[in-house]
Amino acid sequence: MQELEQLKEQASRLWLIATDYLREVPPNQLYAAAAIAVFTTLLLLSLRLFKRAKSNTIVLTGLSGSGKTVLFYQLRDGSTHQGTVTSMEPNEGTFILHGETTKKGKIKPVHVVDVPGHSRLRPKLDDYLPQAAGIVFVADALDFLPNCSAASEYLYDILTKGSVVKKKIPLLILCNKTDKVTAHTKEFIRRQLEKEIDKLRASRSAVSAADITNEFTLGVPGEPFSFTQCSNKVTTADASGLTGEISQLEEFIREYVKA
């Protein structure tokens with residue numbers, strides 16, 4: 001009890017000292033100090049909220065016919081939705097991945113967007129990239145070589161977009177249809193894309209700056225292009241939408257949208 005009384009007395013003395021000090025401080029300085037304290041508190045709260053509100057959006061894109069829509073449905077409900085035609089509008093949904101529906105506990109849903117691959121519809125991609133946690137570029141591993149040039153151009157355009165470069169949005173090159181015997185390996189597809197993008201880089205750098213639509217350039221001057229030179233992380237993986245083998249795709253999603 002005696003110690004408690006001593007603490008009370010010390011607290012009272014400190015309060016009196018603080019009160020006397022505040023009386024001596026000019027009102028303008030008090031107002032400024034209060035404003036700084038309020039601003040600092042609001043800034044810290046905003047930063048905490050910003051850190052919590054991480055994106056849960058994964059964007060599927062790639063050329064028409066690469067199998068994006070089948071992958072979308074596999075992620076959503078584990079089906080292939082046979083008979084689907086080329087998408088003319090984005091498929092979009094927020095759901096728990098089908099492969100996680102049997103897991104116990106609270107699981108964070110993923111917002112998945114399947115953007116049409118037709119060249120006239122690709123501008124829709126810009127509506128979703130700014131809020132993307134990750135991008136999945138789907139490549140047709142079965143019919144890759146005839147489409148290598150077109151796929152490389154589209155991929156080049158994505159990797160040089162300001163929203164992708166500034167935010168360093170991770171990108172997965174997903175080689176689909178690898179269940180087929182004649183499908184190309186992901187290593188082969190990666191090398192071919194790097195070679196084609198290297199050619200594109202050289203040809204586009206020769207065009208006057210006024211004619212270049214890309215916001216950023218790729219690679220290191222004087223060196224062959226490699227995806228390791230990109231500001232964002234670029235990886236490759238295998239998948240088969242028709243057989244439901246999408247484990248590497250799900251791993252990529254959960255790497256950037258934590259469950």
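**Entry 1: two helices crossing**

I started with helices H4 and H6, and H4 passes H6 in a right-handed crossing. A crossing is called right-handed if the near helix is turned clockwise from the far one by less than a right angle, and left-handed if anticlockwise. I noted that H4 covers residues 144–159 and H6 covers residues 186–205, with axes that come within 9 Å and cross at roughly 55 degrees. The axes are lines fitted to C-alpha atoms, for helices over the stretch in contact, and the angles run from 0 to 180 degrees between N-to-C directions. That angle makes H4 oblique to H6. For the word "oblique" I looked up the cut-offs: under 35 degrees is roughly parallel, over 145 roughly antiparallel, 65 to 115 roughly perpendicular, and the rest oblique.

Who makes the contact? On the H4 side I listed residues including Phe 144, Leu 145, Cys 148 and Tyr 156, and on the H6 side residues including Phe 188, Ile 189, Leu 193 and Arg 204. Contact here means heavy atoms within 4.5 Å.

**Entry 2: what kind of model this is**

I reminded myself that this is a predicted model, where local features need pLDDT of at least 70 and side-chain atom pairs count only at pLDDT 80 or more, while totals for chains, interfaces and linings use all residues. Residues are numbered from 1 along each chain as its sequence is written, and side-chain values use heavy atoms, with hydrogens and water left out.

**Entry 3: the whole chain**

I counted seven helices and six strands in the protein chain. Both are DSSP runs numbered from the N terminus: helices are H or I with at least four residues, strands are E with at least two. From the N terminus on, I read the order as α-α-β-α-β-β-β-α-α-β-α-β-α. Of the 259 residues, 39% count as buried. Buried means under 20% relative accessible area, exposed means over 50%, and partly exposed is in between, with a 1.4 Å probe and protein chains only. I also looked at contacts between residues at least 6 apart in sequence, and 75% of them join residues at least 24 apart.

Next I went to H3, which is mostly covered, with eight of its ten residues buried. Lys 68, Val 70 and Phe 72 are among them. What do the buried residues of H3 pack against? I found strands S1 (57–62), S2, S3 (110–114), S4 (132–140) and S5 (171–176), plus helix H7 (247–256). Just after H3, Gly 78 takes a positive phi of about 75 degrees.

Then I looked for aromatic pairs, and the structure holds six. Rings of Phe, Tyr and Trp (its six-membered ring) pair if their centres lie within 6.5 Å; planes under 30 degrees apart are stacked, over 60 edge-to-face, and the rest tilted. Phe 72 and Tyr 73 have ring centres 5.4 Å apart and planes at 80 degrees, so I wrote them down as edge-to-face. Phe 72 is buried at 2% relative accessibility, and Tyr 73 is buried at 13%. Phe 72 also pairs with Phe 95: their centres are 5.9 Å apart and their planes at 85 degrees, so this pair is edge-to-face. The pair links distant parts of the chain, with Phe 72 in H3 (residues 68–77) and Phe 95 in S2 (residues 91–95), 23 residues apart. I put Phe 72, Tyr 73 and Phe 95 down as one aromatic cluster.

**Entry 4: a charge over a ring**

I found the charged end of Arg 122 over the ring of Tyr 154, 4.1 Å from its centre. To count, NZ of Lys or CZ of Arg must be within 6 Å of the ring centre and within 35 degrees of the ring normal.

**Entry 5: Gly 117**

Is Gly 117 buried or exposed? Gly 117 is buried, with a relative accessible area of 5%, and lies in the loop between S3 and S4. I checked its C-alpha atom against that of Ser 64, and the two are separated by 4.4 Å although they are 53 residues apart along the chain. Not counting residues up to four places away in sequence, Gly 117 touches Gly 62, Leu 63, Ser 64, Lys 68 and Arg 122.

Most residues other than glycine have a negative phi. Lys 168 is not a glycine, yet has a positive phi of about 50 degrees. Lys 168 lies in the loop between H5 (162–167) and S5 and counts as exposed at 53% relative accessibility. Lys 177 also has a positive phi, near 70 degrees. Lys 177 lies in the loop between S5 and H6 and is partly exposed at 24%.
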